[in-house]
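Please open the structure in the viewer and keep the selection panel at hand.

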Amino acid sequence: MQNKTRNLYLIPYVFWILLFVIAPILLILYYSFFDIEGQFTLGNYTDFFSPVYLTMTLSSFWYAFLITAFSLLIAYPTAYLLTKLKHKQLWLLLIILPSWINLLLKAYAFLGIFGTYGPANALLEVLGIGAKQILFTDFSFLFVSVYIFIPFMVLPIYNALEKLNPSLVDASRDLGASSWTTFRRVIFPLTLDGVKAGCQAVFIPALSLFMITRLIAGNRVITLGTAIEQHFLVTQDWGMGSTIAVFLIIAMAVFMIATGNRRRGI
Amino acid sequence: MKQLVRMFTAVFLVAFVLIYVTFQLNSTEGYSSGNTLSIYNWGDYIDPDLLKQFEQESGIKVIYQTFDSNEAMMTKIAQGGTTFDVAVPSEYAISKMKEENLLLPIDHSKLSNLKYINPRFLNLSFDKENQYSVPYFWGTVGIVYNPKLLGGKEITSWNDLWDGDLRNQILLVDGAREVIGMGLNSLHYSLNDTDEAHLQEAKNKLNALTPNVKAIVGDEIKMLLAGEEAAVGVVWSGDASEIMSENDELDYVIPEEGSNLWFDNMVIPKTAKNIEGAHEFINFMLDPEHAAQNAEYVGYSTPNEKALEYLPEEIAGDKRFYPDPSVTDKLEVYDNLGKRMLAHYNELFLEFKMYKN
């Protein structure tokens, strides 16, 4: 009897997963076997292994890696600091606040800030460095992406740090470990799950970024996301778009497994 | 849990109140669900006051949606599902939509204002006898440049863009046909060329342009050029006139090697439900005074001959935006190259974007 009700509760979940997770993935897989004229083909897959798409894949991974690395570098100390502050919730709210604002709006704001006559260059001018081209460079692309993704990195790390039992840190210090050793041997390993979750939340969306590549990088950075958008909206080559999507899904699955939590069932 | 319930109740309550208010507002203004007209147009491509005026005069509620490429528009119409009563595709898209049976014929007897259109823009190759489409705007692709930032240098041709002095100064519009077409034109090939050797040559020539290209952007190009973010931009003529109205320093030129001449026409897609209203709207836009008001707002060139009389002389007499037939005769209209060739153009464009020197 109890088992039956439990199964009943499962129905909406199973439906949801089937309709919005399994079915779309199967559809993408299905479309990837058709060429632009609707003929069955494996050509999309051979095309994917041409130099154009391979370079694109490499550069997507490289930029996603950089975005994740910089986010982590900034987010970890921030999260650590947050746990030490008095009004934690308020500070945390302030960090999450920007993610309530529409992404497009934020990107447009950066167009103004980084422009030749924008405040960023005015500051450089005052500092005596002189105006530089900031917009449409790798720097601006990474900066804006990191800015957008930081809340997603801070939150899981903050949660992990909050859960950390402070007596473990005290014990480590009492037993004579320096603060660096304490961090390296106690704090960081115990918050590794948060770091992994944060990396997943940043790396995977970063891999398929597309709008920012046009707005902030002026299409000088091309990622797989850009190519998918092009194929679906402009060329109407849904087959090739789907093929790239299939590879993205595979890449993401590999990344999830690689960073996944191996200690199951605690 | 209690808090959660309270929050959701609040959200639902607000939503219901809003729906009720809109419903009330609509019915007091005499709009009912049956009397609506869905218009699907390019972004920033109509004077919003005209839409209000049309609503008042006809009593039809306008639902206005925008697209940013012909391809996106066609995909949405081909998929069906959404009602669009009027759309504004470009010429090659019209011939493609005709082929795919996505258009409904237009009843000329319902368009009393069609006679004001300059015959030069009627009965064109992509739609003989204007069976399916009526001219909305026309224009060219060319170069906007800022002589002040270029130290007084003048630009007259595509090949001027390859000048080493223009390093990091050029903004390109994010369109495969425009950019590949520019490459082909600079080599004096047709911008409808499908010869593989010519296309590769054009791509290699474009690759050599990359040091000069600052960015390849969408509609932001207007804001960036007006703000003097870069000195040179490859844009559609109407965007150029809009940019120039914001910044007097800039000038526009139709390159001497030739360029693209395009037409955006109003059509009634197969998804239309309010065909009567669609004709009424098209006729409304063909009215010379309305066409003039729209042309002044949008900045593109109107094909409406009578409307030119209502436009100030500095607009209607501007040869950069209303070039003589002797100039436009040398320009080319995009052919419908077919899906496969279009995909190839896009592939080349993608390779150009990825090229790093």
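Begin by selecting A:Leu209, which counts as buried because 24 C-beta neighbours lie inside 10 Å. A residue is called buried if 20 or more other C-beta atoms lie within 10 Å of its own, exposed if 12 or fewer, and partly exposed in between, with C-beta atoms placed from the backbone. This is a predicted model, in which local features need pLDDT of at least 70 and side-chain atom pairs count only at pLDDT 80 or more, while totals for chains, interfaces and linings use all residues. Residues are numbered from 1 along each chain as its sequence is written, and chains are lettered from A and ligands numbered from 1 in the order in which they are written.

A:Leu209 is found in the loop between α10 (192-207) and α11 of chain A; helices (H or I, at least four residues) and strands (E, at least two) are DSSP runs, numbered from the N terminus. Next, display A:Ser145, A:Thr223 and A:Gly225, which A:Leu209 touches when residues up to four places away in sequence are not counted. Contact here requires that the C-beta atoms of two residues, placed from the backbone, lie within 7 Å.

Now show both chains. How many residues of chain A are in contact with chain B? There are 24, and they meet 25 residues of chain B. On the chain A side, α3 (51-84), α11 (211-215) and α12 (224-235) each give two or more residues. Select α12(A), which gives the most, with five residues.

Move on to chain B, whose secondary structure comes to 13 helices and ten strands. Buried residues make up 44% of its 357 residues. A compact globule with 357 residues would have a radius of gyration near 21 Å, and the 22 Å of chain B agrees with this; the radius is taken over C-alpha atoms, and the globule rule is 2.2 Å times the number of residues to the power 0.38.

Finally, colour chain B by domain: domain 1 (2-137 + 263-325) and domain 2 (139-261 + 331-354), with bounds from an automatic or database domain assignment. Between domain 1 and domain 2 of chain B, 14 residues of the former are in contact with 14 of the latter. Helix α4 (residues 91-99) of chain B supplies the largest share of the domain 1 side, four residues.
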